[in-house]
Amino acid sequence: MPQARENKNNDSIRFILNDSEVTLTDVAPSATLLDYLRLERRLTGTKEGCAEGDCGACTVLVGRLSGQMLTYESINACIRFVGSLHGTHVVTVEHLAARDGTLHPVQQAMVDFHGSQCGFCTPGFVMSLYGLWLSNDNPSRADIEKALQGNLCRCTGYEPIVKAAEAAASARPSAIFDPIVAARDETIARLKAMKSEETITIRDGEHCLIVPADAAGLATALAQHQGATVVAGSTDVGLWVTKQMRPINPVIFINGIAELQQIARSEAGITIGAGVSYTAAFAALSSAYPALGRLIDRIGGEQVRNMGTIGGNIANGSPIGDSPPPLIVLGATVTLRSTEGTRTLPLEDFFIAYGKQDRKAGEFVESIFVPRLPAEDHFAAYKISKRRDEDISALLGAFRIALEDGKVRSARIAFGGMAGTPKRAASVEAALIGKPWTEETVRVAQGAFETDYQPLSDWRATSTYRMLAAKNLLLRFFLESEGEAAELVRYAAGER
Amino acid sequence: MDKSTFEERKAINGQMHSRQRHDSAHKHVAGTADYIDDMPEPAGTLHGSLGMTDRAHAEITAMDLSAVEAAPGVVCVLTARDMPHSNDISPSHLHDEPVLADGIVQFHGQPAFAVIAETRDIARRAARLAKITYRDLPHFTDITDAVAHGGELVTQPLTLQRGEAEAELEKAPRRLKGRMRIGGQEHFYLEGHIALAIPGEDDEVTIWSSTQHPSEIQHMVSHVLGVPSNAVTVNVRRMGGGFGGKETQGNQFAALAAVAAKKLNRAVKFRPDRDEDMTATGKRHDFLVDYDVGFDDDGRIHAVHANYAARCGYSSDLSGPVTDRALFHADSSYFYPHVKLTSQPLKTNTVSNTAYRGFGGPQGMVGGERMIEEIAYALGKDPLEIRKLNFYGEKGSGRDITPYHQQVEDNIIARVVAELEADADYQARRQAIVDFNRTSRVIRKGIALTPVKFGISFTLTAFNQAGALVHVYQDGSIHLNHGGTEMGQGLYVKVAQVIADSFQVDLDRVRITATTTGKVPNTSATAASSGTDLNGMAAFDAARQIKERLIAFACERWQTTAENVSFVPDHVKIGEERIAFPEFIKLAYIDRVQLSAAGFYKTPKIHWDRATGRGTPFYYFAYGASVSEVSIDTLTGEYMVDRVDVLHDVGRSLNPAIDIGQIEGGFVQGMGWLTTEELWWDDKGRLRTHAPSTYKIPLASDRPKIFNVRLAEWAENAEKTIGRSKAVGEPPFMLPISVLEALSMAVASVADYRECPRLDAPATPERVLMAVERLRRPL
């Protein structure tokens, strides 16, 4: 249970839950926000549907300070650890309606448009829609669908929910009471007061939970606890706990470290801190590399993009992570840091073998640098999955070529889902370089995929399909570079 | 000035045939609608977890549970031997479904023990500490493997036969044979299974269960405990979705919770994790359909012979009636002059498959529609032309008898299809798509219009009965209870509308109460789309009884006759006098009128003789049709559903808002079944798609980009159902067969529509691409 404490900032996790302040001095490393809400606070409006961040029934908003900015984002409470909440404002569905029971416009629209049937997913939808309502007063259908990518409904077919979202966006009477808007200044002040200047450490017997205040603190903590689990977005580690019941002790939560949240643009390219979420990285990456923006839109659901980080996607070394192939193709480098200092290496060299990365004990991923893409280069990234959105890739191909006098001057191609690591297609590249950029060249080069990859069959796709689709993606890339429509688009740019 | 209090109100709020929101909508959005896991737990509640096996088929040679028992916080461990009376929860009464595996494991994940602990987390962790040793036995998970291994059946197959199918197939001008594989489906109710058992005095126990069938939970718990049914009370206020997955599959959790609760004299809750739920509970049956169809050059069907083989899993569960219903719908909307249909309910080493919205009917219809498609491509015609040619005729046309010898008396399919064809501008759009495909190299489009005709009634005639309990209290407020369960489909509000309408009081005067075996006994599952038909009529009957007593009272007190007494909005009118409803009720109470009644209903007309394959198993049919337009990417097999138009028959809708919701939701769920939802077992017999990360139901961004859904406003049930409405739960699930067929057309375009693509379901991007590859001419 929460305990009131002196305002001592290095031995407790403090956050605001709806309108009350919470100070916890006894947090287990693997304690999830969902269990805390339901079991300890009996805030049962937030539901458990899957306990793996895929259904959205547990969606809550988390507000966090970034300088003077207080932004609220939807997250999955089921895989969010309590230890990662220090200095945030957690908002649950119970907080929305006015004290007299008057429903919030988002809730009322869901009622009016028959947006609930069994009702179990509904609080999660309400919170996702509320997140959208706060950030966008004129959402297009594409915006609404994007905001709902992480919410599953099995009853309604979604049509009434989308209509409710549209209606709620326009239902903004000036007098409307909104609990977040009304308390914004006060919340900012309260959160600032919580900010810790030093590393928070909570120990309980064997358990050790560390929340460093800065990157140096992280390096020190990792030097002291070399086997510690470093958790940024917890969209992967969350499942270790809820599904595999793996211990993650000792644990270091890094999502509050401001230095790791930096995005720096220069002539040379973009540097993304390891703690930057997909959502936060979206604007910078999509303007510099539009194809990457379209890909990021299809990674996880909104909640997962709000939590998950590109740094984590790289650090966990998954062969089906969506960001490594395009980043490899773009020539990205990764910077690792420890108390010994930093070192930088090409991203593709970071992945050694399945489950093995070039990360030494005590090192953590500090940042990723993505070089500027020359304007004349063609670049694309294609994700293939059973379901278009919020699915794990069966395969993902990233392509980049530069042409000179109609011939391929350089080619970089990398795939996920085709090997034990994200991997370059060296033979395909070789088959293209120096050749005229024609369909015939592409046809010949397609054969080289069989030299580069021997994909597996699993529940996402057979090896036959993976190979065939990989070859065809090269053709798609060629056709698109020639201006031919070769990809399905649900909403054209600018379409409402 | 508001004169409404002086003038007669024209109508109540919440009458029948009006748009009403779901009764719990305001609670759903506020997070205040309680599901079982949200209820305050009784002091000292313990938590259970399943101990699962990891072999598809094996003998358990030893089960060492010492580490489980020794784990701190574990209170007890249950095995098959701990079931006080019986280790059987077979809903078919074939005694083939144990609560816990006893000596033999029949599917990967089958629970062999259960842990009861102080917390759910402790129970889950402890369940993984068991050391089970096995002697492996040969296993087969797939239909073709099952056939190859002797084709053992879990229950009696069915044959439907009319005319001389074999002989007429020989004589037909044209003949086609084919095979189609149709995948199963996980229900993916958002609220997983859950049961909370609270021990009572003597042998009593109260269960809160997320179940569509409280009476069966009651019977199973009483059977396992060895106590009479009157010792067990089962309650359910609402489920977070059911879709058939909670018709029988809650038995295991309720039985284990009850056994533990009685043994320990503490409340016990079982709430499996999503992965455990998906692994240990049954799904929609996969089918392998072999068809042989004879037809003429116009495309008119002469004869059909088809076999429907189903993956039933290790036990019978509901596989008998499910495979029966597949045959009942193998005709889709078409008259087969000569027909022979057989079912093959195969035993496999997979979790026992169960009810799922449509209950085999969708698989039957998909097979029937595939035959139409085959004929159309063989003749180079639009499949819609073949459909129309083969529709059942009007009553008495000679083309109105089903393969089970029921006459189709209420046929409106031709009108529904013609209206939709015109409204959706089908012909012009189809031509535009054919033109588009001529010039588009990578992206291709397809369009299809498919019909739905779905038989309404439980095919086991005894299940077609229902009860309701209505109390009118002295203040005029009304308490409504009936045997149906609420899983989101809006049953509660529809039945409440019936009561409000009967008494002519506003809907908010009717209190809807949790379904419980203690108030209405011997109920059937809320299934087979029957909820409103049965419970609405039972409630209507209860209201009728009370009203008759009230009318008799009024006649006596006001010295008048019954025709001068009427229920008008919020009042009772006696002659020229209007008395407010609460006031009238108070007077009736004082006069000692019984203000409570138990209503009852049984569906008339139906009968079914399974042995001969003859009868009238269905009271009526519900009809509908849809047009779907899709685009596919012929390089990757990815696709999008661009537009869908639906025209659907719900008779005279009791609540158009709820009915539209059922149609839209049913469509998208059925579309998921036919497109992205794929169940995948590995070579060890382990289901690898056991969570939303691997099993992909549709998202908002998968729904049809343009989605026009209309009710056939002119429709009215020919039979005397409640308000002349029709059932709506299952029929719309089959509308998206048009999505599968539109995908087929887009695929067929790569070979200029010369060949039927024979796209299996689910048509994942992979299956679409592979179908394209099969048809694509060498470049």
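Predicted model: local features only at pLDDT ≥ 70, side-chain atom pairs only at ≥ 80, totals over all residues.
Student: What makes H19(A) roughly perpendicular to H19(B)?

Tutor: Helix H19 (residues 463–481) of chain A and helix H19 (residues 765–775) of chain B pack at an angle of about 70°. Angles of 65 to 115 degrees count as roughly perpendicular. Therefore H19(A) is roughly perpendicular to H19(B).

Student: How far apart are the axes of these two helices?

Tutor: The axes of H19(A) and H19(B) are 11 Å apart.

Student: Which residues meet there, and what makes a pair count as a contact?

Tutor: From H19(A) come A:Tyr465, A:Leu468 and A:Ala469. They meet B:Glu766, B:Leu769 and B:Met770 in H19(B). The test is that C-beta atoms, placed from the backbone, lie within 7 Å.

Student: How do you know how the residues of this contact divide by class?

Tutor: Tyr, Leu, Ala and Met count as nonpolar, and Glu counts as charged. So the contact of H19(A) with H19(B) has 5 nonpolar, no polar and 1 charged residues.

Student: How many residues are in contact between chain A and chain B as a whole?

Tutor: On chain A, 65 residues are in contact with 67 residues of chain B. Helix H2 (105–112), helix H3 (122–135), helix H5 (159–170) and H19 of chain A each supply at least two residues of the chain A side. The largest share, 7 residues, comes from H19(A).

Student: How does that side of chain A divide by class?

Tutor: The side of chain A that touches chain B has 34 nonpolar, 14 polar and 17 charged residues.

Student: Which domains does the assignment give for chain A?

Tutor: Domain 1 is 13–94 + 183–253, domain 2 is 105–176 and domain 3 is 378–481. Taken over C-alpha atoms, the centres of domain 1 and domain 3 of chain A are separated by 39 Å.

Student: And which domains does it give for chain B?

Tutor: Domain 1 is 25–34 + 465–602, domain 2 is 45–138 + 193–271 and domain 3 is 286–459 + 609–775. The centres of domain 1 and domain 3 of chain B, over C-alpha atoms, are separated by 38 Å.

Student: How many residues of domain 1 of chain B are in contact with domain 3 of chain B?

Tutor: In domain 1 of chain B, 17 residues are in contact with 17 residues of domain 3. Helix H14 (491–503) and helix H15 (531–557) of chain B each supply at least two residues of the domain 1 side. H15(B) gives the most, with 6 residues. By class, that side has 6 nonpolar, 9 polar and 2 charged residues.

Key
Residues numbered from 1 in each chain as written. Chains lettered and ligands numbered in written order. Axes fitted to C-alpha atoms, helices over the stretch in contact; angles between N-to-C directions. Helix = DSSP H or I, 4+ residues; strand = E, 2+ residues; numbered from the N terminus. Parallel < 35°, antiparallel > 145°, perpendicular 65-115°, else oblique. Contact = placed C-beta atoms within 7 Å. Domains from an automatic or database assignment.
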